[in-house]
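Please look through the structure below.

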Amino acid sequence: MAGTRGVVARFHEVKELGLLSEPVESRGVLYFVPPDRMVRITESPLRTALVVDADQIAFHDGGTAPVDLSGEPTARQFVENFTVLFRADVGALRERYEIRYEPVARDASWEMRLVPRSALLKRVITEVRLRGDTRAIREIRIEESDGDSTLTHVMPVDVDRALTEAELAALLEAPLDLATLPGMQDEPEPQPAP
Amino acid sequence: MSPRTARFVLVATIAALVAFGALNLQMRTDITRFLPSAEAVELGAISRLLTESELARTLVITVAGETPRSSVAAAAALARELEAHPAVREVRRGLDADLPRQVYELYFPRRHGLLSAEPEREIPELTGDEALAARAERLRAELSLPSSTLRKRVLPEDPLGAFERVLERFRSGAGALRPLDGGLVSEDGFAVLFVRTHEVPFNVSVQAPFLEDLSAAVARISEARGEPLRLERSGVSLFAVAAEEAVRGDVVAIASLSVLGVSALFLVAFGSIGAFGMAMLPGIVGILLAIDVALALRGEIDGLTLAFGTSLIGVAIDYPIHLLLHRGLAHGVDGVTTARRLRPSIGLGAATTMASFLGLGLTDFPGFREIALFSVVGIGGAVIVTLFLMPPLLGTRLVLPPRSAVLAERLGRAVGVLTRHPRALVALPLGALLVAATGMPRLQWNDDLQALTRFDPALRAEDTRVRERVARLESSRVVLALADSEQAALERNDAVYARLRPLLEDGSVEGIQSLHTLLWSEDLQRRNHAVLRSQPDLSDRVERAFTEAGFRAGAFAPFAAALESEPPPPPLARRDLLDSPLGELVEPLFFELGERRAAITYLRGGGDLESVRESMAGLPEVRVFEQRQFINEIYASFRGRTLRQIALGSLLVVAVLALRYRRVRPALAAFLPSVLTAATLLGGFAWFGIEVHLVHVVSLLMVMGMGVDYGIFLVDSADHRPSFEATLLSLAVACGTTSFVFGSLVVSSQEALRAMGMTTGLGVILSFVLAPAVFCVLSPSAEAGEAPSR
């Protein structure tokens with residue numbers, strides 16, 4: 001996705017947590033505008049949004065004022081990992097992770113394994129596995145240090161969508177207004193890959 | 001006493017007084033010494049602490065570059081420079097990186113004690129079966145979010161979300177700043193620094209150069225970074241420096257006017273400017289003596305007393321001028337003989353002035369008693385120097401130019417002409433009486449201290465912008481929870497918070513900074529534990545509700561263990577917070593006043609505070625306090641009391657005069673000019689729509705003292721025409737001197753100084769006109785059209 005003007009994607013995420021007897025699932029929409037703006041809207045089971053605008057990170061849950069996470073080091077690390085991945089910044093990736101890239105012979109897909117370098121991130125994550133094809137990342141699997149894992153299926157709607165300034169402003173300011181989500185109105189919800 | 005001995009005694013006295021004063025000078029301004037009640041004294045002490053608190057002493061610096069990131073980087077560079085500055089005690093640019101861990105360690109073990117501000121009502125609701133089921137469902141859904149990585153760590157010990165509530169209270173109490181790259185940034189992109197200096201903001205000699213260095217540092221950093229930087233600041237020191245600059249600008253104009261005027265006057269009257277130094281000497285010695293007596297008795301002197309006392313120079317200068325002119329016009333008579341002749345009238349003038357100040361001291365307020373003692377000692381010292389140390393130095397050598405005698409004679413003739421025209425003579429005091437009678441009922445008082453100062457609007461606007469930028473809470477609007485112990489104050493503070501919450505929710509109050517955000521009373525914490533532990537089968541019901549919602553069985557065993565731990569964790573105490581990085585947040589929120597304690601809640605918004613006052617009804621020892629209003633009320637009370645004490649002092653003056661003269665006419669002739677002058681001044685102010693304040697009242701005291709002196713000098717010299725003429729000339733010179741020394745203040749940019757100048761300048765001129773007029777009206781020889789006599 002290097003060189004993209006912007007990415008709009010649906011996601012379906014499954015978390016396997018030791019606290020829970022069954023995995024918990026969520027679905028939503030992800031917007032990425034290079035180099036460092038991202039809005040991750042969860043539509044179910046709860047309607048929330050994580051809004052990243054350069055160095056500002058805010059969590060909206062439709063209640064009172066958004067929660068400012070800009071100063072949370074762990075939150076910043078998580079967010080920066082995603083933005084680095086989405087803009088395919090190989091140099092920045094190498095700073096953060098030890099990378100092992102494995103092309104899959106039978107088709108044009110690939111697999112990448114990332115092991116964190118920073119002590120802060122290592123306390124939480126043991127490994128990140130990515131799968132994708134020539135167009136985009138399709139799957140992200142995060143293995144946590146306590147044995148929990150998160151599997152996110154990414155279903156890009158548009159891998160080169162240039163959001164207008166008005167669309168971007170509306171998204172950053174009112175991310176939970178689902179009626180105005182750009183690029184989503186007429187799209188049927190795709191199914192996750194097997 | 002020989003001239004040499006007199007000179008030696010004078011020099012030695014001055015040297016000793018200066019040395020003692022310099023070695024022991026401790027000055028403190030304590031308005032509580034002028035307060036009428038114990039409650040007001042307590043509030044006054046809190047008012048002083050609020051003014052001196054770290055919150056008030058902090059200078060807020062905001063810097064903006066081209067982006068928020070560059071603003072923070074520039075602020076970081078500025079912080080490094082400021083930390084090395086000798087005037088700076090501390091620079092804070094961001095949150096302590098270790099703060100989240102410290103907050104966790106302090107609050108998480110005590111989370112159950114901090115669960116609810118209304119435990120008896122809310123905890124049964126939170127722990128009911130339905131509530132637990134809803135919470136479990138909600139938490140399971142929230143674990144699907146990216147935040148699950150952090151949340152799942154505390155959930156097994158805290159399924160009820162007690163620690164979440166603590167963090168939510170922190171967030172609601174936070175300001176408008178967000179952390180960025182180790183710094184703090186406002187919504188409009190300014191990076192913020194909080195700077196504390198070693199010296200108080202009012203120490204202009206330190207603050208002024210520091211502020212210049214600050215501007216220079218920003219300019220250097222801007223050049224080094226190659227980007228323009230905007231600097232905006234807020235703090236008491238800015239206004240203190242601005243006020244001093246304004247006054248300094250005035251000094252040149254005022255000093256020029258007074259020096260030129262007095263020099264010209266003394267050149268005309270005495271043929272010598274050196275005589276002015278002689279005339280000032282007794283007043284200066286008197287003030288030095290009064291300062292040293294105050295220091296010897298109390299170890300310190302009040303700033304208000306000192307300010308009041310320096311006005312004594314205006315009164316005390318009359319005595320040496322009277323002596324010098326009588327000596328100069330009495331050819332062949334030496335200073336000692338002249339002083340012996342003038343001793344009764346100068347002594348009586350001093351006695352009446354001391355009596356009027358004594359009236360100020362007949363009260364329970366220590367501050368007024370101190371002013372009275374200072375004034376009595378100061379006047380006494382000035383008179384002793386005038387009557388006993390100056391005369392030997394005069395000898396017979398003081399020769400006035402011939403024009404002085406001519407002036408004196410012409411003044412005598414002018415009074416004689418007036419005496420032969422009774423209608424014109426009576427018109428003067430009657431006219432004054434008319435102005436007083438018609439004006440005084442319309443008099444308007446202004447007790448707003450802010451009216452006495454005027455600051456550059458641009459400076460005020462900058463201060464307002466910075467305060468809004470950092471959502472800075474004013475230390476001038478607070479709710480005080482007072483008590484005899486720390487825990488009682490905290491309990492009352494808990495109640496204050498509960499009453500303020502609805503006002504926050506409906507927007508009546510925009511924001512608060514309360515100790516309740518950080519600390520609850522031990523009683524409230526214990527009640528939380530007690531109520532939580534009393535909920536039947538809570539651990540089992542949590543296990544059941546969460547398992548049914550999809551959590552793993554046994555996941556909340558740590559919560560059960562915490563509930564059953566004996567004893568429960570000790571309550572969070574103020575000492576715990578003071579010893580942590582949160583200490584600086586706690587410090588301005590709690591005061592110790594001797595045996596008493598005060599928890600402070602700072603307010604933003606709240607309109608006229610009526611809704612806040614109503615909401616606090618019924619809470620014992622809780623006060624809604626607006627500092628500006630409180631100070632204005634104090635000064636209004638002080639002004640009113642000063643007026644009453646002036647009236648009391650005037651009665652004492654009349655008594656002294658009656659005792660001396662034993663007849664009504666001379667006593668009235670001495671006394672009436674001062675009262676008439678004061679009343680006419682106030683009536684005149686009213687006619688011209690001038691609002692009168694405390695400075696006018698203090699200046700009136702000085703004017704009345706001079707008015708009585710003028711009357712006494714005229715009465716006592718009336719039997720001898722040359723003496724009468726010499727007295728008229730001395731009054732003219734005294735009036736002119738006081739007009740130039742004090743009256744020139746009328747050109748000041750500061751309202752307080754202008755008020756003093758106008759009152760004193762006009763007052764002394766009125767006294768000079770009315771004293772001979774009243775004397776002539778009341779003198780028996782006036783009826784016969786003759787020269788005045790007693």
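In chain B, helix α30(B) passes helix α31(B) in a right-handed crossing, where right-handed means that the near helix is turned clockwise from the far one by less than a right angle, and left-handed that it is turned anticlockwise. This is a predicted model, in which local features need pLDDT of at least 70 and side-chain atom pairs count only at pLDDT 80 or more, while totals for chains, interfaces and linings use all residues. Residues are numbered from 1 along each chain as its sequence is written, and chains are lettered from A and ligands numbered from 1 in the order in which they are written.

Helix α31 of chain B covers residues 721–741, and its axis lies 8 Å from that of α30(B), at an angle of about 165°. Axes are lines fitted to C-alpha atoms, for helices over the stretch in contact, and angles run from 0 to 180 degrees between N-to-C directions. Helices (H or I, at least four residues) and strands (E, at least two) are DSSP runs, numbered from the N terminus. The two helices are therefore roughly antiparallel to each other; angles over 145 degrees count as such, those under 35 as roughly parallel, 65 to 115 as roughly perpendicular and the rest as oblique. Residues contributed by α30(B) include B:M706 and B:Y710, and those from α31(B) include B:F724 and B:L731. Contact requires C-beta atoms, placed from the backbone, within 7 Å. By class, this contact has six nonpolar, five polar and no charged residues. Nonpolar covers Ala, Val, Leu, Ile, Met, Phe, Trp, Tyr, Cys and Pro, charged covers Asp, Glu, Lys and Arg, and the others, Gly among them, are polar.

Helix α30 (residues 694–717) also packs against helix α32 (residues 751–778) of chain B, at about 25° and with the axes 8 Å apart. This pair is therefore roughly parallel, and its crossing is right-handed. Among the contacting residues are B:M706, B:G707 and B:Y710 of α30(B) and B:G763, B:F768 and B:P772 of α32(B). The contact of α30(B) with α32(B) has 16 nonpolar, eight polar and no charged residues.

Elsewhere in chain B, the domain assignment gives domain 1 (1–34 + 271–400) and domain 2 (100–172 + 461–626); such bounds come from an automatic or database assignment. Their C-alpha centres lie 63 Å apart.

Between the chains, 24 residues of chain A are in contact with 21 residues of chain B. On the chain A side, β1 (7–16), β2 (24–33), β4 (48–53) and α1 (73–86) each give two or more residues, and β2(A) gives the most, with three. That side divides into nine nonpolar, eight polar and seven charged residues.

How values were computed
Two residues are in contact if their C-beta atoms, placed from the backbone, lie within 7 Å.
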